[in-house]
Amino acid sequence: MKFGIVRFPGSNSDLDCHRAVTEGLGARAEYLWHREHDLQGADVILLPGGFSYGDYLRAGAIARFSPIMREVVDFAERGGPVLGICNGFQVLCEARLLPGALARNEGLRFQSRHVHVRVETAETPFTSAYGEGEILRLPIANGEGRYVADETTLDRIEGEDRVVIRYVDEDGGRSDEANPNGSARDIAGVCSAERNVVGVMPHPERASLPYLGSTDGLGFLESVLTRTAGAA
Amino acid sequence: MSDGGEADASAVQSGGHGAGEAYPPEVTPELVEEHGLNEREWELLLEALGREPTFAELGVFSAMWSEHCGYQHTRPLLADLPTEGPQVIQGPGENAGVVDAGEGWGVAFKIESHNHPSAVEPYQGAATGVGGILRDVFTMGARPVAVFDSLRFGSLDSPRSRYLLDGVVRGVGDYGNCVGVPTLGGETVFDPIYERNPLVNVMCVGFLPKERLIRGEAEGVGNAVMAVGARTGRDGIHGATFASEELDEESDSRPQVQVGDPFTEKLLLEASLELIERDLLVGIQDMGAAGLTSSATEMAARSGTGVEIDIDRVPTREPGMTPYEILLSESQERMLVVARPGREEEVREVLDRWELEAATIGRVTDDGRFRVLNAGETVVDIPVEPLVDGCPTYVRDGVESGEVRERRERDLSPYLDPGSDREAEDALLEILDSPSVASRRWIYDQYDTSVQTRTVAGPGGDAAVIRLADTRRAVAATVDGNGRYVYLHPRRGAQIAVAEAARNLACVGARPLGITNCLNFGNPEGEAVYHQLEQAVAGLGEACRALDTPVTGGNASLYNETPAGPIYPTPSVGMVGVMDDLADAVPQGFRGSGDDVWLAGTTRDEIGASEYLSACHGVVAGPPPSLDLEEASRLVDFLLAAAGANLVISAHDCSDGGLAVALAESALSARDGPHGVRCVVSGGEELSPAAALFGESQSRVVLSADPDDGPGLRRIADEHGVPLARIGQVGEPGGRLRLSAAGRDLDIAMREIRDVYESALPRRMEDQAGLTT
């Protein structure tokens with residue numbers, strides 16, 4: 001079982017993903033450089049947070065043209081599990097592997113703090129270790145984290161149970177206060193129609209070791225481990 | 001700027017005196033004066049050169065002999081600071097200091113100012129301040145793991161101060177967030193004295209395997225000198241000279257402010273660490289203040305070698321740049337490296353992989369000279385030693401200002417009692433509403449605090465706690481300094497900055513290792529400011545000796561004055577410490593109902609220089625609290641022993657706003673939300689109510705502990721000679737703060753306290769939300 005962690009110039013949560021996989025989960029992880037054409041036999045692909053290529057055009061907009069992303073798209077189309085976190089979520093949306101887009105936060109400021117999210121579906125390779133309705137405490141750290149999509153798309157993904165996590169308060173209730181950035185329908189993460197590609201704005205990998213104040217995020221990695229182990 | 005600031009700035013910026021004029025211009029007495037060299041410095045320059053300088057040489061001397069690079073006023077004073085100890089791996093004189101954190105790891109750290117650029121262009125000024133200090137740390141071979149910002153602004157009632165705060169916070173945040181280094185703490189203080197001259201000091205902390213330590217050296221005659229990273233542009237020319245001048249009404253010197261690119265910085269960081277890890281380099285140094293000039297000459301000076309630069313080979317951002325401009329550009333995200341013999345090509349490959357350039361621009365020589373060739377013609381040929389170390393220094397006679405003495409000795413008796421219980425409650429709420437005391441959440445919510453997955457304790461506590469690499473250890477860090485204290489008593493104020501930093505580290509359970517400092521002062525050519533500088537440096541040295549925290553580096557930012565006068569003398573002390581097990585880190589907040597609340601230390605009848613006087617009465621007067629360095633040291637040892645024995649549930653330093661504020665903060669930051677707290681401070685009949693509640697007596701800490709651990713805690717306190725009193729108990733969630741002391745009884749709902757404390761900054765800043773930079 002090997003995790004491939006894609007590194008774009010400007011990725012900065014690559015180390016966090018590596019630590020969560022190797023130390024939090026006890027699995028193997030390999031960095032995949034953006035210019036490479038080979039996923040090196042990775043069973044799971046993680047697209048970490050950061051500012052790929054400086055985010056100068058639009059968050060994630062340039063990264064999708066990199067050689068490694070061609071491989072990631074092929075991998076995803078073959079049903080391989082792909083998790084994009086923060087900037088990685090933005091890259092997946094830009095690459096059309098996920099619907100919608102991430103826009104500048106309401107309030108226009110970078111936001112960094114812990115939020116609560118509710119697991120809306122356990123039917124993805126990254127959330128199967130959770131119970132539906134489970135409340136997680138995860139950090140966010142982004143300037144462009146407001147999930148947007150047109151109403152038709154939003155209705156469709158809700159109808160197909162493709163909202164993976166939603167911002168809630170600590171008791172699981174939805175409210176404007178619990179939504180940190182104005183995301184449409186409090187959406188913090190979605191999955192592809194085939195459910196193998198997941199993008200989340202909060203950082204589960206930064207809530208993967210006891211000293212970080214929360215280990216609630218480890219389930220994202222445990223889910224895929226259990227699933228792949230079961231399949232093998 | 002001495003006089004005619006605009007003329008000064010424009011002459012220096014253009015460097016080539018406009019496209020239409022001939023380059024180089026003739027070196028005239030007027031040009032020498034515009035370059036800030038006085039008569040004595042001119043004489044020394046002629047002596048060093050043995051002839052008149054070229055235009056480029058004049059620029060080089062002007063930058064290197066500025067206060068910013070040459071430490072004209074501070075060098076003689078700094079010589080007395082303690083810089084050695086078994087824990088010191090690298091002391092002052094390098095890009096950053098390094099102390100030993102154990103298990104083979106060093107902690108590199110350094111603080112620097114970016115005050116003048118931030119006054120002119122807050123966003124870029126602050127951003128490039130972060131960029132520069134990150135480079136200082138990764139040039140040592142260390143990966144930057146945390147940034148701290150120490151900020152001073154005018155009152156938030158002023159739109160300009162709100163604009164500056166907004167821009168500086170965005171600048172610090174955008175740069176650090178993008179590079180992926182968390183900003184984990186600092187301090188933000190507001191006082192009208194900083195209205196036109198804000199302070200932006202940034203500290204960076206990094207970790208390195210000790211054997212990977214590399215220095216800014218140019219060893220090995222014939223070795224290639226290479227420029228790596230961003231290209232050289234026309235921005236920031238003569239920033240070092242700019243930083244060594246006063247800001248006047250017309251200071252709008254934007255061309256002297258550099259523009260930062262955190263994306264390039266991130267690439268340069270990774271590339272530099274890879275170069276060092278692969279052992280391809282002899283030495284490396286940031287092209288910071290005075291750019292290529294200072295990096296090349298300082299590296300040569302450290303090694304006793306010379307450097308020859310072929311200026312045509314420096315990659316530039318635009319054509320037609322003159323040697324003068326290239327030598328003095330402060331374009332960001334550039335490094336000067338000296339490659340190991342035969343490794344140039346590998347250096348280029350590493351940089352290429354990170355999509356950056358590396359160009360060989362010169363060689364190490366054995367003649368001790370800094371020589372620059374332009375199209376085969378020598379345009380600079382200066383002996384390195386006098387250029388780097390021969391900067392004239394000044395020792396003046398300091399005299400305390402009469403106004404300061406009068407303020408310190410002012411009668412404070414009208415303020416000793418808030419008047420009634422009700423008025424005492426209002427006073428507490430007023431202090432909690434002071435932007436200098438209130439929650440900084442509005443600021444640190446804009447900083448990524450979780451990236452790198454090392455954050456054991458982030459902003460909002462007494463010190464940040466950062467996991468040390470892959471070990472169980474943790475490094476703690478803090479920045480402290482109270483300008484009001486130093487203004488009213490420079491020597492004691494500076495001592496307190498060190499003592500408070502040590503106390504903050506001890507509160508989280510970390511043993512202090514060393515400090516870095518940034519000396520923010522006014523124009524030292526005036527006797528009153530010189531007195532402050534001299535006294536404060538003496539105080540720093542005394543406290544560092546007493547607390548065994550050697551000075552490992554820092555910088556000086558002088559000339560922080562405007563026509564309205566100098567700022568408060570404001571040394572910022574950045575301190576790092578270490579703990580053996582990150583699981584033993586002690587939080588600031590209470591755990592839960594029923595735990596005992598203790599006060600360690602002695603409360604004295606002191607209200608001078610306090611936040612209470614300032615926030616509630618608008619008075620800046622009286623002496624700062626007394627400080628016994630031996631007592632301060634015993635308190636640190638007591639806290640570490642108590643934490644080591646696992647007897648402490650929470651610990652919080654009593655500082656601004658005294659006991660009442662410390663209790664309120666520990667109650668607010670309880671891990672499951674605010675808790676009530678009930679305390680009675682007895683035996684203080686000789687204390688005035690204001691001193692008992694809000695006085696800032698030093699070496700005091702509010703602790704909470706399991707009731708069963710009381711005897712153990714008391715025994716350790718006795719062993720260390722630290723007075724310890726059980727003053728109350730943690731109450732129910734929600735709850736009320738009840739505090740009785742010196743005849744005054746406070747009783748306030750925690751909900752009200754939280755609302756005031758949390759809303760103070762956002763309430764003042766919310767109309768700034770649309771401000772863009």
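How far does helix H12 of chain B reach from its first C-alpha to its last? Helix H12 (residues 291-303) has 13 residues and spans 19 Å between these atoms, close to the 18 Å expected at 1.5 Å a residue; the expected span is 1.5 Å times one less than the number of residues. Helices (H or I, at least four residues) and strands (E, at least two) are DSSP runs numbered from the N terminus.

The model is predicted, with local features requiring pLDDT of at least 70 and side-chain atom pairs counting only at pLDDT 80 or more, while totals for chains, interfaces and linings use all residues. Residues are numbered from 1 along each chain as its sequence is written, chains are lettered from A and ligands numbered from 1 in the order in which they are written, and side-chain values use heavy atoms, with hydrogens and water left out.

Helix H12 of chain B is mostly covered, with ten of its 13 residues buried. Buried denotes under 20% relative accessible area, exposed over 50%, and partly exposed in between (1.4 Å probe, protein chains only). The buried residues include B:Gly291, B:Leu292, B:Met299 and B:Ser303. B:Thr293 also lies in H12, and its relative accessible area is 0%. Its side chain has a polar atom 2.8 Å from the backbone oxygen of B:Leu327. A polar contact is a pair of N or O atoms within 3.5 Å; within protein, one must be able to donate a hydrogen and the other to accept it, and residues adjacent in sequence count only if both atoms are side-chain atoms. Leaving aside residues up to four places away in sequence, B:Thr293 touches B:Val60, B:Met64, B:Leu327, B:Leu328 and B:Phe370, where contact means heavy atoms within 4.5 Å. Just after H12, B:Gly304 takes a positive phi of about 65°.

In helix H3 (residues 39-49) of chain B, the buried residues are B:Glu41, B:Trp42, B:Leu45 and B:Leu49. Seen down the axis of H3, they fall within an arc of 100° and so line one face of the helix; the arc is that of the directions from the helix axis to the C-beta atoms. An α-helix has 3.6 residues a turn, so residues three or four places apart point the same way. The buried residues of H3 in chain B pack against helix H2 (29-34), helix H4 (55-64) and strand S13 (377-383). Exposed residues B:Glu39 and B:Glu47 are carried on the face turned away from the buried side. At the start of H3, a side-chain oxygen of B:Asn38 comes to within 3.2 Å of the backbone nitrogen of B:Arg40. B:Gly50, just after the helix, has a positive phi of about 75°.

Elsewhere in chain B, B:Pro733 lies in strand S26 (residues 724-733) and counts as partly exposed, at 48% relative accessibility. B:Pro733 and B:Gly676 are 57 residues apart in sequence, but their C-alpha atoms are 6.2 Å apart in space. Not counting residues up to four places away in sequence, B:Pro733 touches B:Ser593, B:Pro674 and B:His675.

Chain A has five helices and eleven strands. Of its 232 residues, 62% count as buried. Residues 24 or more positions apart account for 75% of the chain A contacts with a separation of 6 or more. The C-alpha atoms of chain A fill a box of roughly 45 × 35 × 35 Å along the principal axes.
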